[in-house]
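Subject: Structure for you to look at

Hi there,

Here is the structure I promised to send over.

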Amino acid sequence: MGRWRSWRWVLVLLAAFQAASAHTQLIDGQFVRETIIVPRKMVLLARPDVRDALKLTGEQYRRIREKLKPYARESNGSVLITVGPSDDLAAVERDLILTLNVRQRKRLDEIWMWVYGAATLSNKELADKVGLSDAQRTSIEAILREWEVELLALIRETRNGRLQLEPIQKLRVRYDAKLAAVMTSDQARTFESLKGELFRTTTQIG
């Protein structure tokens, strides 16, 4: 798997905020988008601990690297994945996931829930499985937008061009609790059951 295993991964999104372009580093795969924060499964495939948990073959790893190549470049020892407003992130993600077998896709879904917590409830398929009502989905979207506003404020306060992990992590914990509180106790149990076997992260992103 070569030197990619030793690189830290940082995701960079080129997007328009308030009619101005922003070059924004994103922590642990949290895409800050114009309207909502979306946790992406594709970012997980760049993480060594996730690749190990999925037991990717050498051929699968090669194909994933090849699919990511148009978006990846090296900078100061890190791999930067750069996408623009015209890139179809959902299509890129679907293409990457097709590299996996059925068992791996199921485990990736579980890991995705462990890593991103209740923010994954923004995904319609998962929201359907948990049984969220339209009102609950609206609440989740509103909370995610609040999260985005605070996250953007932290980004704008950055003076050295690099986000600090600690305030980002504290923000994630606070908003994950808000999102989780939208669920009923039965829905929360369903959500937890869908997460499968505990995933212990060994990768620090940022």
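Accessible areas here come from the Shrake-Rupley method with a 1.4 Å probe, and for residues only the protein chains shown count as cover. By that method, the protein chain exposes about 10,800 Å², with carbon and sulfur atoms supplying 52% of it.

Please keep in mind that this is a predicted model, where local features need pLDDT of at least 70, side-chain atom pairs count only at pLDDT 80 or more, and totals for chains, interfaces and linings use all residues. Residues are numbered from 1 along each chain as its sequence is written, and side-chain values use heavy atoms, leaving out hydrogens and water.

On confidence: pLDDT is the predictor's confidence in each residue, from 0 to 100. Its mean over the protein chain is 76, and 67% of the residues reach 70 or more. Over residues 1–36 the pLDDT is below 50, yet this stretch has 116 contacts in the model beyond near neighbours in sequence (contact means heavy atoms within 4.5 Å). Where pLDDT is low, the predicted coordinates should not be read in detail.

As for the whole chain, 46% of its 206 residues count as buried, meaning under 20% relative accessible area (1.4 Å probe, protein chains only).

One residue I looked at is Gln60. Gln60 counts as buried because its relative accessibility is 9%. Its side chain reaches the backbone nitrogen of Thr57 at 3.0 Å. Leaving aside residues up to four places away in sequence, Gln60 touches Lys55, Thr99, Leu100, Asn101 and Gln104.

Best wishes

Methods. Buried < 20%, exposed > 50% of the residue type's maximum accessible area, 1.4 Å probe, protein only. Polar contact = N/O pair within 3.5 Å; in protein donor to acceptor, adjacent residues only side chain to side chain.
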